[in-house]
Amino acid sequence: MSQLFSPRANVYSRVIIFGAVILVCGGGWATSEIFWSPYTTYVAVPFDQPVPFSHKHHVGDDGIDCRYCHNSVEKSRFAGMPTSETCMTCHSQIFNDAPVLAPVRESLATNMPLKWTRVHDLPDYVYFDHSIHVAKGLGCSTCHGRIDQMPITWRVNTLYMKWCLECHRAPQRFVRPQEKIYDMDWQSSRSQSVDGFQLVAQYQIDTSGRLTNCGTCHR
Amino acid sequence: MKSDEFAEGASEWPDELSRREFLRLAGASLALAGVGACTKQPIEKIVPYVKQPEGMVPGKPLHFATATTCNGYAQGIIVTSREGRPVKIEGNPDHPASLGATTIWAQADLLGLYDPDRAQEVMRGENISTWNDFLQDVDVALAAQQSNAGAGIHILTDTIRSPTLIAQLQAVLKRFPNAKWHRWNPIGPDSINGEVVVYDFTKAKVIVALDSDFLFMHPAALRYARDFALARRVADPTSARMSRLYVAEPTPTLTGANADHRIAIAARNIRALAKELAVRISASPRSAPLPDELVTFEPWIQTAANDLVANRGASIVITGNGQPIEVHDLIAKINDQLGSVGSTIARNSAVAGSGDAGPPITDRGYNQTESLGQLVSDMKTGDVELLIILGGNPVYDSPVDFDFASALTKVKVSVHHALHANETSRLCHWLIPAAHFLESWSDAVAFDGSISIVQPLIDPLYANISSDEMIGALIERPVRSAYEIVRETWRSTNPTPHFENDWRRALSDGVFRNIDFQSVRPAELHSAEVKTAEKISAERTGRNPMFLELLFRVRGRSRN
């Protein structure tokens with residue numbers, strides 16, 4: 001009876017065993033890299049917009065309040081996007097013939113809306129409400145970053161569930177006083193570890209674990 | 001265990017797909033579904049308004065009061081609208097016919113709006129056409145009618161109770177005195193006694209319903225069910241007592257299920273039953289002994305009659321639309337005799353659908369089958385040169401003896417205005433796609449005469465034309481929008497400076513004019529007609545021991 005395994009079988013088995021381990025680990029690593037890369041998360045990826053709108057100019061330089069354009073942020077799940085008419089309140093007076101604003105003027109003239117590309121886009125299976133987050137002390141810059149320094153808008157956070165849960169598990173790390181909500185410069189100070197809990201109590205944020213229930217966001 | 005519990009082969013797994021094969025496929029599908037989810041978020045657009053509507057907060061729904069109709073009667077509803085799209089219908093608490101409730105049909109109206117099978121384009125025969133082309137065709141047809149005062153113009157409608165539409169149709173008849181307006185509602189009674197009767201079930205101690213499903217299949221069912229429940233709910237056991245409900249009905253209904261005393265009786269015997277009841281409460285003299293078919297119901301009749309007499313002035317006797325006009329007259333007489341009119345019953349022939357806006361629409365003695373027959377014979381002789389059919393589907397649902405379809409082909413210009421293309425549309429020269437009530441302005445009258453303005457929630461999804469614009473095409477150029485037509489109807493009844501306020505309030509509340517129940521005067525009953533009814537009733541109540549009764553029960557709502 002001949003040998004069942006030839007001497008080469010040792011090599012084959014090693015290659016297969018180690019190859020499989022490398023393939024699985026490498027595959028996992030590659031998937032994870034793609035998953036967390038800007039290719040998938042769109043973090044720091046600028047989008048093409050009909051008008052290259054600069055928050056840096058409007059917020060940082062001009063000091064326009066967020067709510068001038070995003071006027072339903074305190075009232076509705078949707079923060080609101082400025083209507084063409086809103087843009088033209090100023091731009092009928094200043095830069096009123098700037099070529100870059102031609103799409104806005106055309107929109108108002110033809111009554112056809114501008115079509116912006118969504119920068120912050122949650123999946124449809126997530127329920128998100130701006131008004132409650134603002135009311136409970138979450139500032140704009142916590143999620144949207146230093147929008148006042150962005151010449152064109154990009155995403156600074158992944159908007160992944162892991163990222164949401166960071167705050168839903170420990171809101172005291174992120175909440176800020178109501179008067180600082182729209183403050184782009186606000187940074188959590190050293191006393192946040194104390195102030196945070198006070199603010200959580202003051203805002204009556206539910207700490208019983210309800211914030212991390214599936215049904216809180218996946219309704 | 002019984003071995004032949006299932007049909008032969010029913011418990012066997014078919015050979016084609018083995019259990020193992022099935023699991024393999026199911027597993028593969030599951031795995032692939034997981035892989036399919038491994039995509040990144042697609043790029044999406046965000047589209048703000050050009051000019052944001054007043055009072056609108058993006059992301060928040062708006063609510064508007066309007067009205068749906070049940071057999072032409074208004075039922076107030078409140079429609080939720082998200083970003084300009086109606087998404088949910090609920091009852092209007094301020095509307096007397098709703099009190100915050102809706103029918104199953106009102107809930108489903110939303111599906112009618114978004115139904116992809118709706119008629120979408122103006123069709124001339126097989127070809128897509130336009131409203132302006134249609135108007136040109138109508139102009140030619142109307143020009144030919146000027147000389148003979150519109151003798152060739154015929155309009156066929158469903159039961160209509162919209163004051164504006166009635167006023168418009170009256171205007172057509174005024175402009176073309178020889179034109180004819182026919183009404184055909186396949187599920188309605190042949191003729192009705194023309195009276196509007198409103199019941200107050202909160203005050204009734206004894207209710208006798210003869211073939212009337214007033215708790216469900218009734219335009220005021222939502223209100224009546226609420227009122228009825230109120231009188232059945234006794235908070236204080238010492239002073240008040242529950243109302244008692246007697247029901248005689250040929251088919252099981254919700255009302256019968258709520259009855260304290262229910263009998264199953266053939267619909268044809270309701271007439272004799274009403275007659276007997278009238279005798280027992282001394283509303284009319286006995287002219288014949290108790291008919292044989294009522295013998296088994298003797299105890300029920302006697303108990304009901306005793307109860308009615310004992311609760312004089314606090315009783316309701318009601319019958320359904322499936323019963324002929326004689327029964328309605330008998331019931332009216334019984335209620336008169338019991339002194340209920342003015343306390344539990346308000347009767348007025350001038351309440352609904354007439355008011356200030358036009359003549360009564362339910363003329364006493366109007367027989368819709370005769371009217372339709374007249375139309376068909378006119379069509380067959382070629383006398384009908386312009387036929388406008390508003391809604392409905394007479395080719396399908398008119399009596400087959402009329403042969404409506406072949407008569408329709410002899411009409412010079414036939415126009416069908418409908419939500420859906422159906423058998424009638426196919427045989428008409430023109431199909432005008434009707435606007436859904438959530439897309440157009442209109443008005444409607446509730447069971448008690450309250451008027452609601454029907455306001456649209458959305459622009460027509462397709463090239464839809466409202467009924468008012470359709471009839472407007474016969475009398476005016478340019479055809480005004482439905483909004484202007486409806487508004488003008490009410491503006492002309494209220495030419496005061498505060499009309500604008502009233503109008504806006506009506507749109508906000510959903511009720512234009514709430515008729516006070518008690519202010520409605522009881523109308524005189526026509527005694528001669530009741531005598532005739534009694535005579536017919538006596539003649540027709542013959543012995544007929546074996547019969548098969550075919551009843552058409554309305555389990556839906558007529559279109560329009």
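Modeller: An automatic or database domain assignment divides chain B into domain 1 (123-190 + 359-438 + 455-495) and domain 2 (196-348 + 524-540). The centres of domain 1 of chain B and domain 2 of chain B, taken over C-alpha atoms, are 38 Å apart. This is a predicted model, in which local features need pLDDT of at least 70 and side-chain atom pairs count only at pLDDT 80 or more, while totals for chains, interfaces and linings use all residues. Residues are numbered from 1 along each chain as its sequence is written, chains are lettered from A in the order in which they are written, and side-chain values use heavy atoms, without hydrogens and water.

Helix H3 of chain B spans residues 131-145; helices (H or I, at least four residues) and strands (E, at least two) are DSSP runs, numbered from the N terminus. Its 15 residues reach 21 Å from first C-alpha to last, close to the 21 Å expected at 1.5 Å a residue, where the expected span is 1.5 Å times one less than the number of residues. B:Trp131, B:Phe134, B:Leu135, B:Val138, B:Ala141, B:Leu142 and B:Gln145 are buried (under 20% relative accessible area, with exposed over 50% and partly exposed in between; 1.4 Å probe, protein chains only). They lie on the same side of H3(B) because they cover an arc of only 125° around the axis, taken from the directions from the helix axis to the C-beta atoms. On the other side of H3(B), B:Asn132, B:Gln136 and B:Val140 are exposed. The cover over the buried residues includes strand E15 (386-390) and helix H14 (467-475) of chain B.

As for the partner, the contact (heavy atoms within 4.5 Å) takes 19 residues from chain B and 28 residues from chain A.
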